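Try each task before reading its solution.

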Amino acid sequence: MELLRFTTAGSVDDGKSTLIGRLLYDSKAIFQDQMEAVEKASKKIGGGEVNLALLTDGLRSEREQGITIDVAYRYFATPKRKFIIADTPGHIQYTRNMVTGASTANLAIILVDARHGLVEQTARHSFIASLLGIKHVVYCINKMDLVDFSQEVFDKIKKQLDDFSSKLDIADVRYIPMSALLGDNVVDRSKNMAWYQGSTLLYTLETVHIASDANHVDCRFPVQTVIRPQTTEYHDYRGYAGRVAGGIFKKGDEIAVLPSGFTSKIAKIDSYDGEVDEAFPPMSCTILLEDDIDVSRGDMIVRVNNQPDVSQDHEMMICWMSQRPIQLNGKYAVKHTTRDARCIVKDIKYKVDINSLHRLEDDKEIKMNDIARISIRTTVSLFTDRYQRNRNTGSIILIDEGTNETVGAGMIL
Amino acid sequence: MKYNLTHLKELESEAIFVIREVAAQFENPALLFSGGKDSIVCYDLAKKAFWPGKVPFPLVHVDTGHNFPETIQFRDELVKKDGVELIVGLVQDSIDQGKVVEEKGFNASRNGLQTVTLLDTIETNKFDACMGGARRDEEKARAKERFFSHRDEFGQWDPKNQRPELWNIFNGMKNMGENFRVFPISNWTEMDVWQYILAENIELPSLYFSHEREVFVRDGVIYSDGEFMNKRPEEKIEKRTVRFRTIGDMTCTGAVESPADDLTKIIEEVAATRTTERGTRSDDKRSEAAMEDRKKQGYF
């Protein structure tokens with residue numbers, strides 16, 4: 001059984017929490033005592049029916065205010081797949097949380113209110129999904145019960161979204177009309193929308209093809225740690241432990257180690273369950289080389305004839321996450337795969353107006369939740385790929401050295 | 001060949017990646033170990049992460065003194081067999097030192113006192129990162145946790161101020177005196193843990209399996225009888241066939257009546273069950289936001 005990670009995004013009134021509650025409830029993932037607790041809390045807050053949204057609103061202040069503040073991870077499984085939901089807030093002031101949830105997702109569910117169609121928030125969430133390299137987007141046109149389950153309304157919104165999303169870089173876009181409140185087309189097919197011939201949301205989630213989404217072409221192995229037991233049994237054992245970030249490594253492969261450039265061959269690939277012939281993402285394993293060369297954490301093992309960009313200069317799209325705006329010529333710490341460095345911000349090229357997707361060349365004040373294109377120079381070389389080609393080697397974070405906070409999420413161009 | 005992993009293999013790889021990151025980023029990490037299934041799985045993953053080398057950090061147990069004797073026995077045997085270092089922080093010591101006051105009454109528990117002992121143990125040993133087997137599906141407040149959870153110098157957790165955690169890049173940077181809690185199996189559900197235990201044939205304390213036990217019933221919950229259990233006069237001891245789905249202190253862990261005496265039967269039971277894993281934990285029921293409040297004070 002495979003694992004699918006997806007995000008859910010939508011504004012407070014779109015019914016996103018109700019949708020998740022419905023997914024969990026109809027697929028029988030909600031336990032009895034959780035339902036009882038929700039029923040009890042629903043009575044306290046008021047409102048007629050059981051408020052499924054209360055299942056996902058976990059923190060005290062959220063339960064009181066009735067909105068989602070942070071990223072909440074929910075889990076459920078069907079016989080076909082295990083799912084991880086990153087439930088993210090809809091407010092613009094929590095864009096950073098949405099970016100966080102989206103960073104590891106294979107698929108994004110974006111809720112649209114059938115009464116309103118494409119709104120600012122829909123545009124923003126779509127843009128973020130595409131920016132973060134999510135390959136599959138499912139637009140759920142919700143609250144169809146409030147527009148009489150009209151096919152006309154659905155088609156009009158679908159066209160709106162189609163026109164918009166074609167400007168973005170998303171490989172697989174789908175549209176589902178639904179009513180999360182009544183359960184139409186979430187898990188069970190809607191009896192009210194016979195005109196809709198497509199799949200339900202759950203069926204889509206269970207069957208969307210994700211195995212090809214990882215990069216199986218460019219071999220990238222960032223070294224996390226060196227394993228040297230130095231015991232009698234494993235006296236000469238020197239293994240480089242890490243998680244395959246791209247490509248397929250095989251025993252006997254000719255490899256190069258960055259940054260030194262030294263070459264060797266793979267002598268053995270150990271997994272914790274014994275030797276393996278091949279290693280691919282996202283497997284964790286230990287690579288042993290034929291030659292005794294100097295390799296340590298932060299280095300990267302790659303194929304000789306397919307190397308990443310080795311450079312100290314990097315252009316990227318960045319999502320800013322700090323209260324303090326980005327400083328031109330400011331210095332930050334960076335983390336890229338297992339490598340640490342410091343950087344200086346050399347140039348702020350433009351800010352993106354997320355609603356229109358236009359570049360604001362004159363607006364260089366990049367504040368919290370803004371998305372911009374910048375260039376930085378790092379103290380040491382980093383071994384990168386374009387983010388759209390490989391999320392692992394194309395992603396980078398900027399850290400404020402004073403507070404140690406993660407202040408920027410970068411996607412290398 | 002198919003180049004994808006099963007969900008268990010993917011979760012396993014993710015956990016091992018996290019554990020290796022902890023060993024690499026921190027100077028003095030430790031693995032919190034209670035003898036419960038989640039910490040046992042974490043320990044198993046740690047062994048895999050550094051194979052064929054040794055696990056490069058100690059196990060730490062905050063011992064309330066109210067543990068099930070079976071758990072302590074299991075812990076001691078495991079430590080002896082593997083030759084791994086074990087550090088025990090005793091809640092009794094904190095009580096004797098006057099740092100915490102024992103609760104009184106019939107529902108008294110030492111659960112809330114653990115936090116002080118944990119923080120003291122961390123400080124005494126200068127641990128800069130403590131790993132634990134907490135999972136996000138366990139409880140509402142844990143659903144918001146990061147893998148790398150920053151705690152201030154008081155060990156406190158501020159939910160409004162957690163660092164964004166993106167991709168697989170973990171920011172473990174900190175100032176002196178601060179530390180991290182790290183949760184490698186954050187994305188595992190209860191079912192994933194059981195399936196993994198079955199697949200890997202991992203040994204567990206006998207409490208998890210159905211057995212006959214002397215118990216008493218209070219407020220609809222079946223508690224094990226034991227020397228520090230405060231029973232009301234009307235609470236009578238009876239013998240029942242029970243097992244424990246989650247294991248905390250004896251004083252706050254309820255049993256379920258069950259015939260499941262092996263892993264396969266346990267998994268079937270968990271799959272069919274109607275209540276959550278921690279539903280029998282009275283420590284979570286003290287208020288709506290019991291876990292959140294404890295975490296804000298520095299609890300695990």
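**Exercise 1.** Of the contacts in chain A with a separation of 6 or more, what percentage comes from residues 24 or more positions apart?

Solution. Start with the ground rules: this is a predicted model, where local features need pLDDT of at least 70, side-chain atom pairs count only at pLDDT 80 or more, and totals for chains, interfaces and linings use all residues. Residues are numbered from 1 along each chain as its sequence is written, while chains are lettered from A and ligands numbered from 1 in the order in which they are written. Next, count a contact when two C-beta atoms, placed from the backbone, lie within 7 Å. The share comes to 69%.

**Exercise 2.** Work out the strand order of the six-stranded open sheet in chain B.

Solution. First, take strands as DSSP E runs of at least two residues and helices as H or I runs of at least four, numbered from the N terminus. Two strands pair if DSSP finds at least two bridges between them. Reading across chain B then gives β3-β2-β1-β4-β6-β5, with mixed pairing. The edges are β3 (86-90) and β5 (148-151) of chain B, each pairing on one side only.

**Exercise 3.** Zoom in on β4 and β6 of chain B: how many bridges join them?

Solution. Find β4 at residues 129-131 and β6 at residues 179-182 of chain B; three bridges join these parallel strands. For one of the residues, B:Met131, the partner in β6(B) is B:Val182.

**Exercise 4.** Which strands of chain B does helix α1 lie across?

Solution. Helix α1 (residues 7-25) of chain B lies across β1 (29-32), β4 and β6 of chain B. Helix α1(B) runs at about 160° to β4(B).

Technical notes. Axes are lines fitted to C-alpha atoms, for helices over the stretch in contact, and angles run from 0 to 180 degrees between N-to-C directions.
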